[in-house]
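This report goes from the whole chain down to a single residue. Look at the model first, then read on.

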Amino acid sequence: MRRERSRLAAILPFLWLAIFFAFPFLLVAKLSLSDTALAMPPYEPRIDWSQGLAGARAFLGGLDGETYVRLTQDRLYLDAYLSSLRLAATGAGFLLVIGYPIAYGISRCPPRLRQALVLAVILPFWTSSLIRIYAWIAILKPAGVLNVVLAKLGLPPVDILNTETAVLLGLVYAYLPFMVLPLYAVLDRQDESLIEAAQDLGATPLAAFWRVTFPLSLPGAAAGALLCFIPMAGEFVIPDLLGGSETLMLGRVIWTEFFANRDWPAASAVAIVLLATLTAPILLFERQQAKVLR
């Protein structure tokens, strides 16, 4: 009875993954091996179920990897790929530098104040992300809040909107809670007696931080970096609104290929390449965590 119940409980998450992950992934993978066609839908081959096995064999024979070859030959895709990884890595680095002191400060506050500060970190999630990004447009535009403040201070105006700097600002602002919360969870669980023991052995507070607190918080830093890097690499809204036409990221390329160029095979191939790239750091992190647990 217990075994049957445990099997039944395990079926539900696997069924969820099969419906909402495996099937869409297989569909996108199939599209990436198709060819563009002036039809509806705009790709070929398609299965002709009326022909039975012959139709299935003809369908499988029509799949090829020409779209992936085209990705390697067009400089646009490579530039967008490298730009996405660069901006995502840079944003994750800024988030780590900004988020670590915030998480550390919250973890060292009294419990009541700690709860209020954690709520303040989560509070931006209560507002639509699209509205918050539009607010950055109002701040960064030539006649926006930033240049008005600079003019009152007697400083020259800056032209940040529609640049990579604006994209980085938007990424750091939007994903800061994803960095702070994992770091806070790790720092809050640390045993303060370890710091006291290090200081009793002659370590200064700074030395105790670097030798005890920081190494123990690295799993939280790695988790936060992954939580930020993965969605930032495929981000579409922030580059589209703050980056302008000059900022290349894979999220915008996928949208353009799907809806503007109607090249579904190319968009699907780009999505598969992005997924494969983002899977690598996840597997490395899981492998490292398994070694630590051993």
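Among contacts in the protein chain between residues at least 6 apart in sequence, what percentage join residues at least 24 apart? The share is 72%.

## Overall shape

The model is predicted. Its protein chain contains 13 helices and two strands. Along the principal axes, the C-alpha atoms fill a box of roughly 80 × 70 × 35 Å.

The radius of gyration of the protein chain is 24 Å, whereas a compact globule of 294 residues would have a value near 19 Å.

## Surface and charge

Of the 294 residues in the protein chain, 34% are buried. The chain exposes about 18,100 Å², and 69% of this area comes from carbon and sulfur atoms.

There are 23 positive and 21 negative side chains in the protein chain. The centres of these two sets lie 9 Å apart.

## A look at Ser107

Ser107 belongs to helix α4, which covers residues 75–107. Is Ser107 buried or exposed? Ser107 counts as buried because its relative accessibility is 4%, and the cut-off for buried is under 20%.

The side chain of Ser107 has two polar partners to look at here. A polar atom of this side chain lies 2.7 Å from the backbone oxygen of Tyr104. The side chains of Ser107 and Arg108 are joined by a polar contact of 3.1 Å.

Beyond the neighbours within four places in sequence, Ser107 is in contact with Arg114, Tyr184, Leu187 and Asp188.

Definitions and conventions: Residues numbered from 1 in each chain as written. Heavy atoms only, no water. Helix = DSSP H or I, 4+ residues; strand = E, 2+ residues; numbered from the N terminus. Rg over C-alpha atoms; globule rule 2.2 N^0.38 Å. Buried < 20%, exposed > 50% of the residue type's maximum accessible area, 1.4 Å probe, protein only. Contact = heavy atoms within 4.5 Å. Areas by Shrake-Rupley, 256 points an atom, 1.4 Å probe, with all protein chains shown as cover. Lys, Arg positive; Asp, Glu negative; His and termini not counted. Charge placed at Lys NZ, Arg CZ, Asp CG, Glu CD. Polar contact = N/O pair within 3.5 Å; in protein donor to acceptor, adjacent residues only side chain to side chain.
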